[in-house]
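Q: I would like a close look at one part of this model. Please take me through the place where the ligand sits.

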Amino acid sequence: MALERTLTIIKPDGVEQNVIGDVIRAFESQSFRIVAMKMLHLSKQQAEGFYAVHRDKKFFGSLTDFMCSGRIVVMALEAENAIERLRTLMGATNPAEAQPGTLRKQFATSIERNIIHGSDAPETAAFEISYFFGKMEIVG
Ligand code: ADP
Ligand code: MG
């Protein structure tokens, strides 16, 4: 197992529902180390840049509207096997399919409004962390 970093976002629906604390509590209780954190309100263009990998999907317009509809909290997390462990804690993209105890099962309201993002691979984690954080903002 390697010590990894991953990028997570509490999406606008999570901030709106006042579950920032619940999400951070879950990270801390599972020994994820927060190495960078900030609150942002993305522009449409910034949301499109972040989700560029999905630009050909039919939900791209709606997803990027949603992601710039309100405040978000962006964090870089560090842990052994962080990428896979965060995905497990998040649960399935569609909350109807998410396992009990996962963050999406608890808080998500639809396949789009699913409260949290997590990187899906080491390459995407590196891109996504550098999209939001400069070197001096990551406290290793
Ligand atoms: P994940 O966030 O689980 O990695 P994807 O990378 O497949 O999921 O999709 C990115 C985000 O796009 C999802 O978290 C969700 O907000 C939205 N999304 C995914 N699939 C759909 C869909 N079929 N309809 C609407 N929004 C979707
Ligand atoms: Mg994804």
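How do the residues of the lining of the largest pocket divide into nonpolar, polar and charged?

A: This is a predicted model. The lining of the largest pocket divides into ten nonpolar, seven polar and six charged residues. The volume of this pocket is about 530 Å³. Its lining has 23 residues, and the closest to the centre are Tyr-51, His-54, Phe-59, Leu-63 and His-117.

Next, look at the elements that build the lining. Three helices, α3 (44-50), α5 (82-90) and α7 (122-132), each supply at least two lining residues. The strand β4 (116-118) also supplies at least two.

Now place the ligand. Ligand 1 takes up the space of the largest pocket. The shell around ligand 1 has four nonpolar, three polar and four charged residues. Tyr-51, His-54, Phe-59 and Leu-63 are in this shell.

In Thr-93, an N or O atom of the side chain is 2.5 Å from an oxygen atom of ligand 1. For Arg-87, a side-chain N or O atom is 2.8 Å from a ligand 1 oxygen. Asn-114 has a polar side-chain atom 2.9 Å from an oxygen atom of ligand 1. As for cover, ligand 1 on its own has 530 Å² of accessible area, and the protein covers 79% of that area.

Terms used:
Residues numbered from 1 in each chain as written. Chains lettered and ligands numbered in written order. Predicted model: local features only at pLDDT ≥ 70, side-chain atom pairs only at ≥ 80, totals over all residues. Heavy atoms only, no water. Near = heavy atom within 4 Å. Polar contact = N/O pair within 3.5 Å; in protein donor to acceptor, adjacent residues only side chain to side chain. Areas by Shrake-Rupley, 256 points an atom, 1.4 Å probe, with all protein chains shown as cover. 1 Å grid on protein atoms, 1.4 Å probe; cavity = no way out; pocket = protein on both sides within 12 Å on 5 of 7 lines; lining within 4 Å. Sits in = over half its atoms within 2 Å of the grid points. Nonpolar A, V, L, I, M, F, W, Y, C, P; charged D, E, K, R; others polar. Points joined across faces, edges and corners; volume = space filled by probe spheres on them. Helix = DSSP H or I, 4+ residues; strand = E, 2+ residues; numbered from the N terminus.
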